[in-house]
Amino acid sequence: MCCDSKRRFLLLYATQKGQAKAIAEEIRQQAGAHGLEADMHCISEMDKYNLETEKDPVVIVISTTGTGDPPDTARKFVKKIQDPTLPPDHFAHLQYGLLGLGDSEYTFFCNGGKTVDRRLQELGAQRFYDTGLADDCVGLELVVDPWIDGLWLALKEAFLLQKEKEDMSSAVKAVSSSLSAASHVVHELNLSSEVQNLKLEDAGVRSSDVLSQKLVDINLVTSARDTEPSLVRSVPPLSQSALNIPALPPEYIEVQFQDTCGENPHPSSLISEGATFDVPVTKAVQLTREDAVKTALLVELDIADTVFDYQPGDAFCVVCPNNVNEVEELIQILGLSEKAECFVSLKVKQDTKKKGAAHPQHIPERSTLKFILTWCLEIRAIPKKAFLRALVECTSDAGEKRRLQELCSRQGASDYTRFIRDSSVCLLDLLHAFPSCKPSLNLLIEHLPKFQARSYSVSSSNLYQPGKLWFVFNIVELPASPSRPVSRKGVCTGWLAELVAPLLQPNKNTLDTKSSSTEKITIFPRPANAFHLPADPSVPFMMVGPGTGIAPFIGFLQHRQKLREENTDWEFGETWLFFGCRHQDRDYLFKQLRCFLENGTLTHLKVCFSRDSSTAAVAPPKYVQDVIRLYAKEVARVLLKDRGYFYVCGDKKHMADGVSDAVVDILSMEMETDKLEAMKILAMLREAKRYLQDVWS
């Protein structure tokens, strides 16, 4: 194909936190070198493209959010294509390739991409390239890089097929020919959702050297410290290898400082998700003892003077700042301490080679340097390889430059995963580890993602206590490590803990005591799609919520208690709660659960304590999944005979998976069927929204 007559393809992205957009921008950037032109749009910008009339190939990059939902930017698009009145040949003219992003830690892996892919197929669209499913659990790049590598040949073959179709005299022959030829064009990329992500063995995948590196055991046991790899040091063979490094991302932002005075915008103006609310923090309680492994706080907000509304099971987002000390440290390292309170003017460089370069929408037209680093940029973000590549050019020391090149190279994929991604290294850590690296402010603005509000589950009922909102969280502790020499608290939980410190009532385990505060935080709603109480109060349900996973169930029980008080003639189904923590006397978060039990709101309360010793002849169960197995017949009855609901909230990897395994075993045993059939039944319960999860990694 001639480069002087570039062929166009439509490139759509649907992103929640910026990952899909960044990958789409990488595709657009590479397209020119292959004689192609990417017409890129956010999938929400439906006024700028029309799939109903699109003749060119379409490439879609889409992430997944929540527990399997498409990102917010794709909701309108998904709703449109889900229209049941659309005919099965609605997109028969469409050729597309789709790259889905997800995390296999969650049950509905890549479900955003799978939903769009499945529906396009149902409406007659044809894949010109196999769907890729990238897993953030093991590293998106393991699938993204080879998928992009193979995209260019697939696109050019799609264009050839398109030309053949145009030259055909018969439309029937054209369709037949294109379908026949397409089967020989598409590369075999086995990009599945599970362990296969680490086993890309197809000969056509050019990054097999990267994947083989991933499988090497790099936990070297040696007494010579200098021969151990680390963030700043590599060992053979990587240290002696020729490197394939990414192309240097073109700079596109020009920064100018202004001496003019003025006020920064309110942080709430940065939120594009809808209405925000500034609400007072009225109470705070430390639910755990000082010697507990984790510190759990319960915070009450006053929403009485707002139109903020919620149901038990909903989530909401807190708009928080970056840590003030980290912001000041970053400004100092950048050598911009004297400019911290200066207003920053951004404009797109006139001579930039970046396609579609534009002013970042998440940075206001008028704001100070300190405001931008505090409220606009995710300075704790794990640096992407493109950012590392850009930092190479800002590094003067030859050894440091080489190590950064290794970390962003194909050959250094294992080191990148181990020392940056898995170690949660951020920009500040890199600048300390590579002191000769002196990036400019424009690089930070170009490569650091938009600062995201943090989501929390509601832990109360507006019916039970009108005008109040509770939420519960653990203060996240990030311990020091070889790659990160300083310990840190979570961005939002650390900030909230400091904010409510004057209100804290340690170990009271209640919110009955009075306190007052003038502090306010900015919040906005994020309603749950399905994690709500059954619409029919007579339907029984079971709740599994160890640790802070109990949070939404406090709201469930408050709501149920109020309904019982106000509707004495209603029939209410039985309720079960399985709760667990480490120590009964240190982190039993809500001892007042007994009150719900005593007044009949809660029918069954089953608790376990994983770290408490026991002198009993038979040791009690340690974990909630163990307790559930003790009530196998009741679980099977509620789910199968009574058509009840089953809710799970909390840690995904160490709890929710164990609970689902226990339920599968119970179904298999009680129904006297094999495990595979039991797994299908659980899948149907999920599909029917009767087995529901609100989980996190």
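Predicted model: local features only at pLDDT ≥ 70, side-chain atom pairs only at ≥ 80, totals over all residues.
Begin with helix H7, which covers residues 324–333. Four of its residues, Glu326, Val327, Leu330 and Ile331, are buried. Looking down the axis of H7, these buried residues fall within an arc of 135°, so they line one face of the helix. The general rule behind such a pattern is that an α-helix has 3.6 residues a turn, so residues three or four places apart point the same way. Asn325 and Gln332, on the other side of H7, are exposed. The buried residues of H7 are covered by parts of the chain that include helix H8 (369–376), helix H12 (427–433), helix H13 (441–447) and strand E16 (488–489).

The two ends of H7 can also be described. At its start, a side-chain oxygen of asparagine 323 comes to within 2.9 Å of the backbone nitrogen of asparagine 325. After H7 comes glycine 335, with a positive phi near 75°.

Leu330 of H7 leads on to the core. In soluble globular proteins, nonpolar side chains tend to be buried together. Here the largest nonpolar core has 45 residues, and Leu330, Leu373, Leu377 and Leu388 are those with the most contacts inside it. At least two residues of this core come from each of H7, E11, H8, helix H9 (385–392), helix H10 (398–408), helix H11 (413–421), H12 and H13. Apart from neighbours within four places in sequence, leucine 377 is in contact with Asn322, His362, Ile363, Ile372, Leu444, Ile445, Leu448, Pro449 and Phe451.

Is histidine 362 buried or exposed? Its relative accessible area is 18%, and the cut-off for buried is under 20%, so histidine 362 counts as buried. With neighbours within four places in sequence set aside, histidine 362 touches Leu270, Cys376, Leu377, Leu448 and Lys450.

Now turn to the strands. Strands of a sheet pair through backbone hydrogen bonds, either parallel or antiparallel. The antiparallel case is shown by strand E9 (residues 296–302) and E14, which pair over 7 bridges. In this pairing alanine 296 stands opposite asparagine 474 of E14. Strand E14 itself, residues 468–474, is mostly covered, with 5 of its 7 residues buried.

The parallel case is an open sheet of 5 strands in the order E21-E20-E19-E22-E23. Its edge strands, each pairing on one side only, are strand E21 (604–609) and strand E23 (691–696). On average, neighbouring strands of this sheet are turned by 10° against each other, direction ignored. Strand E22 (residues 645–651) runs parallel to E23 and is joined to it by 6 bridges. Glycine 650 stands opposite valine 695 in E23. Helix H19 (residues 652–671) packs on the sheet, where it touches strand E19 (541–544), E22 and E23. The direction of H19 makes about 155° with that of E22.

Leaving out neighbours within four places in sequence, its contacts are Phe579, Gly580, Cys581, Pro621, Lys622, Tyr623, Val624 and Val627. Cysteine 608 and proline 620 are 12 residues apart in sequence, and their C-alpha atoms are 7.7 Å apart in space.

Notes: Residues numbered from 1 in each chain as written. Heavy atoms only, no water. Buried < 20%, exposed > 50% of the residue type's maximum accessible area, 1.4 Å probe, protein only. Arc of directions from axis to C-beta. Contact = heavy atoms within 4.5 Å. Polar contact = N/O pair within 3.5 Å; in protein donor to acceptor, adjacent residues only side chain to side chain. Pairing = 2+ DSSP bridges. Axes fitted to C-alpha atoms, helices over the stretch in contact; angles between N-to-C directions. Core = buried A, V, L, I, M, F, W, Y, C linked by side-chain atoms within 4.5 Å.
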